[in-house]
Amino acid sequence: MNIPFLDLKSQYKNLKEDIDKAIQEVIENTAFIGGKPVQKFKEDFEEVYGVSHCVPLANGTDALYVSMMMLGVGAGDEVITTASSWISTSETISQTGATPVFVDVDEYYTLDASKLEAAITPKTKGIIPVHLYGQMADLDHIMEIAKKHDLFVIEDCAQAHMSEYKGVRAGLTGITGTFSFYPGKNLGAYGDAGCLITESEEMATHCKRFANHGALVKHQHDIEGINSRLDGIQAAVLSVKLPYLEEWTQRRVEVASWYNQKLAEVSEIELPKLRPETVHSYHVFAIKTDKRDELKSFLGDKNVPTQIHYPHAMPFMKAYAHMGATVEDFPNAYDLQERELSLPIFPEMTEEQVDEVCNQIKAFFAAE
Ligand SMILES: *Cc1c(COP(=O)(O)O)cnc(C)c1O
């Protein structure tokens, strides 16, 4: 049985006619940068996601950088983020001139709000929780602490399209929510793409201007900015896919529920815990086991592809070696890097494919 880690090919096959037509139209109209397709995706995303302002950008990393720059983050500031994420979250803090400060993760693999206040100093300007794997961070507690200390909150939603916390979608609680449409994300373009969302018209305008060389109107550069534009072909592809996002998310939740049922009896595995009152969008289905590396290699031999998200928690990366982090400082992030294994999950995944993955996992532990 062929089991891909994620199946972008069958997704394309299902939408081929519409996607090909949308791309062809962009080429025929030579609307490569800006123009109708980008404006259309912006409006489509605002409507589908239920947000006042979407600012399309070149990628999800820029969405973090642009947000922080427009909140005035710079040299001498500190921004707190989670120890377990993709490096975009912390490298963009450094890009602004500020210093990233890491906080360990909780049992849901997101920023541990109970350890947050200890990390706050007079230099702290804001907090960037990451809804890692599609699981919402502890937003109520994070927002409460942010309010108390007058700090901004940017939600990194790169893995959390359509996730919900107490009925509110990811990205609608912080001053901005930042999204990636990297091809493998839950809503993926055919190249790099991203956006930020906000309820603040002022913030949307500032971010839009900064991302477009500091100009809202051509040749009127109010400030210096950067070049971070969503291109027309990516916008057109995203507009074709967007109407399916809700259904794809439900399919991921169903696939996750199959895994949870079928693996419940395997005592050597820790299944992902679901934070109460949230909707997990399962960008990643992350299990933990002491035999992670052996299991990964066994499954690989049986044509079951798996990944590790991520082999190095951020404080333990070479890039941050100067911080001198120890395992005792980040025990949960360290445990995750040592024991996490990501199983195949994608909306088109069948129950037979899930059975095959689970049966191979059971075969591995039976032979141990
Ligand atoms: C993918 C990702 C990003 C960056 O998105 P790009 O579009 O690749 O720049 C940021 N944060 C997290 C948590 C991500 O997973």
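This is a predicted model: local features need pLDDT of at least 70, side-chain atom pairs count only at pLDDT 80 or more; totals for chains, interfaces and linings use all residues.
Strand 1 and strand 9 (residues 194-198) are joined by 5 bridges in the antiparallel sense; strands here are DSSP runs of E with at least two residues, helices are runs of H or I with at least four, both numbered from the N terminus, and two strands pair if DSSP finds at least two bridges between them. The sheet to which they belong is open, has 7 strands in the order 1-9-8-5-4-2-3, and is mixed in its pairing. Because strand 1 (53-57) and strand 3 (99-103) stand at the edges with a single partner strand each, one side of each is left without a neighbour in the sheet. On average, neighbouring strands of this sheet are turned by 25° against each other, direction ignored.

Helix 5 (residues 139-148) lies across strand 4 (124-128) and strand 5 (152-156), and runs at about 150° to strand 5; axes are lines fitted to C-alpha atoms, for helices over the stretch in contact, and angles run from 0 to 180 degrees between N-to-C directions. Helix 6 (residues 201-211) also packs on the sheet, where it touches strand 1, strand 8 (176-180) and strand 9, contact meaning heavy atoms within 4.5 Å. The direction of helix 6 makes about 15° with that of strand 1.

Another open sheet has 3 strands in the order 7-6-12, with antiparallel pairing, and its edge strands, strand 7 (168-169) and strand 12 (278-279), each pair on one side only. Strand 6 (residues 164-165) is joined to strand 12 by 2 bridges, and Glu 164 stands opposite Val 279 in strand 12.

**The ligand site**

Among the 13 residues around the ligand, those that come nearest are Gly 60, Thr 61, Asp 156, Ser 180 and Lys 185; a residue is near if one of its heavy atoms lies within 4 Å. The table gives polar contacts, which are pairs of N or O atoms within 3.5 Å.

| Residue and atom | Ligand atom | Distance |
|---|---|---|
| Gly 60, polar backbone atom | oxygen | 2.8 Å |
| Asp 156, polar side-chain atom | nitrogen | 2.8 Å |
| Ser 180, polar side-chain atom | oxygen | 2.6 Å |

Taken alone the ligand exposes 380 Å², of which the protein buries 93%, with accessible areas from the Shrake-Rupley method and a 1.4 Å probe.

**Backbone geometry in two loops**

Most residues other than glycine have a negative phi, and most peptide bonds are trans. Asp 150, in the loop between helix 5 and strand 5, has a positive phi near 55°. His 309 and Tyr 310 are joined by a cis peptide bond with omega about 10°, and Tyr 310 is found in the loop between helix 9 (292-301) and helix 10 (331-339).

Methods
Residues are numbered from 1 along each chain as its sequence is written. Side-chain values use heavy atoms; hydrogens and water are left out. A polar contact is a pair of N or O atoms within 3.5 Å; within protein, one must be able to donate a hydrogen and the other to accept it, and residues adjacent in sequence count only if both atoms are side-chain atoms.
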